[in-house]
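Hello,

Here is the structure I said I would pass on. My notes on it follow below.

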Amino acid sequence: MSYGGFHASVMRWRRHAFRNAKSARVGLTTLLAAITWIAPAQAQTDTTPTPASLVTLVNSGIYAFNGLERQAAAANDAAYTSLLPICTAAPQTGAVSASCTGATAQLFDRLRQLEDTAKELLGGGARQFSLRLSPQDLGFALRWTAPEEYAADGSVVSKFANSQNAVLLNRFAALRFASRAGGLTKLESHASGTDGWMLAYNSDAAVGGAASADSTPLFSRWSAFVNAGYGTGFKDQTTFEDAFSFDGTEVSVGADVRLSDRLVVGLLAGHTERRVDFNSAESIVDGSIRGNGGSGIAYVQFETDAFFVNASLGIQHLSLATRRRITYPSNNPDIPSVSETSLSDTGATSRIATLGAGYTYHYRGLSAEPYLGLNYANTTIAGFTEHGGNGFDFNVAGQSIKSLEGSAGLRFQYALLGPFGVLVPYAYGEVREQFSDKSREIDSTYADGVGPTGYQLPTDSPTKHYYVAGGGGSLVLKHGLQGFIQYVRVLHYENYHDHVVSGGIRWEF
């Protein structure tokens, strides 16, 4: 091909790639205004491998490759270079060494295809193993090879910890209300009808032993509860993290005992099922994460007539199973398209603790409760090796995630008293501040490669400042039975859209 003919071909390719870029839904920018002058085409019979072709391409200015594609280019170049001495027997024919077998040979073939595609786009002429992709499609192929999906593991684990903290906040509020209204049905011996209930709820002292007029406590010492919740939402795509939808269900059971008029201690056990489905319409990704596990938490609350302080300490464990798809096309009739699935299993363990305090103001049936909270979580996700990917499997290193989050909130509730019991609608809002969690790197290497070559993919930095709003109602019936239903929404948490519905019952005995 003459230089003029080659230049005309490049200009046609630029116009085609520009149209592709405009139609893409993954946020790729437009092509650069000028193309770096490319060396004349090499002889088409030259198939000698040249390492670093992918990095050369993405840095050439030919196309606006994003950060994930650049990382994938560097990792694949390094893996290809490390396999060259092992797998290349006859460069002129493309034959693979007899010592390069199994998944290692498959990995070498796939990397060589990507390298030859880059060389062809750089003007190296027709390449025997080129996939004959456009720069945009090659960028997409690079993204398919990257294991950025594992950034979502941290989200799955943290949402379980947050949901357990929400259960505890509800439990503490129920205990405080129970100390005032949980024993109201017993007041019928002192004052009959609704007026007697209102008198007890609006008294400045807690119902029970703290009320000097009562010869015996008006609440039960023991109580048990069952809570259930369902949460759902979705995450937007960012450079290094994929878009996905998520949902989860959980059940928590527990029991507590009032050791004195002021002091309550208890235990909570929880089980959860978590699901993440990656959004192929928004990201170059396909696959899912399934998690299930449990938690055990001990808690304590001390309260006076208005002031309260509470704390908890616990542990949770989740088993995580991930399905990661790697699929991209080939326009070379001699090379099939890639369609593989890598599978993995790992576990995540979190040690969690909370500390809270607040003050309750009463005016007739209305109460206002400002409060502060501090939540700590130290999570370890074990390392693992994928399987089933036919060369695309990775060794993924363990992750460590530490979080320290403070909150300041205000809760309002109003007691509506009647012959059936006490109905208490409530609403609350919190502002939360993250103090210690930060972006982390997920390290991985090709399981069937050689040497320490691989990815160091950064996760998104967590949102430092966001809000939580919720509302619902509690109903206290006679004979120590209490129930609630609640809706909670997370607001201004960057790239996440999240809400939860929960409910439960409590029984005093």
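The chain has seven helices and 20 strands. Please keep in mind that this is a predicted model. Of its 509 residues, 52% count as buried. Among contacts with a separation of 6 or more, 69% are between residues 24 or more positions apart. The chain exposes about 21600 Å², and carbon and sulfur atoms supply 61% of that area.

Salt bridges

The structure holds 20 salt bridges. One of them pairs Arg143 with Glu69, with 2.9 Å between the closest N and O atoms. This pair links distant parts of the chain, since Arg143 sits in helix α5 (residues 135-145) and Glu69 in helix α3 (residues 67-87), 74 residues apart. Arg143 counts as buried because its relative accessibility is 4%, and Glu69 counts as buried at 0%.

Glu340 and Arg110 form another salt bridge, the closest N and O atoms being 3.0 Å apart. Here strand β8 (residues 338-359) holds Glu340 and helix α4 (residues 102-121) holds Arg110, 230 residues apart. Glu340 is buried at 11% relative accessibility, and Arg110 is buried at 14%.

Lys235 forms a salt bridge with Glu241 at 3.6 Å between the closest N and O atoms. Salt bridges that share partners join Lys235, Glu241 and Asp460 into one network. Both Lys235 and Glu241 are buried.

Surface patch

A nonpolar patch on the surface is formed by Trp222, Val226, Val251, Val253, Leu481, Ile505, Trp507 and Phe509, with about 740 Å² of accessible area together. Strands β3 (222-235), β4 (244-258) and β20 (496-508) each supply at least two of its residues. Val226 lies in strand β3 and is partly exposed, because its relative accessible area is 39%.

Regards

Terms used: Residues are numbered from 1 along each chain as its sequence is written. This is a predicted model: local features need pLDDT of at least 70, side-chain atom pairs count only at pLDDT 80 or more; totals for chains, interfaces and linings use all residues. Side-chain values use heavy atoms; hydrogens and water are left out. Patches are made of residues with over 30% relative accessible area and no salt bridge: like charges are joined within 9 Å, nonpolar side chains (Val, Leu, Ile, Met, Phe, Trp, Tyr) within 5 Å. Accessible areas come from the Shrake-Rupley method with a 1.4 Å probe; for residues, only the protein chains shown count as cover. A salt bridge is a side-chain nitrogen of Lys or Arg within 4 Å of a carboxyl oxygen of Asp or Glu. Helices (H or I, at least four residues) and strands (E, at least two) are DSSP runs, numbered from the N terminus. Buried means under 20% relative accessible area, exposed over 50%, partly exposed in between (1.4 Å probe, protein chains only). Contact means heavy atoms within 4.5 Å.
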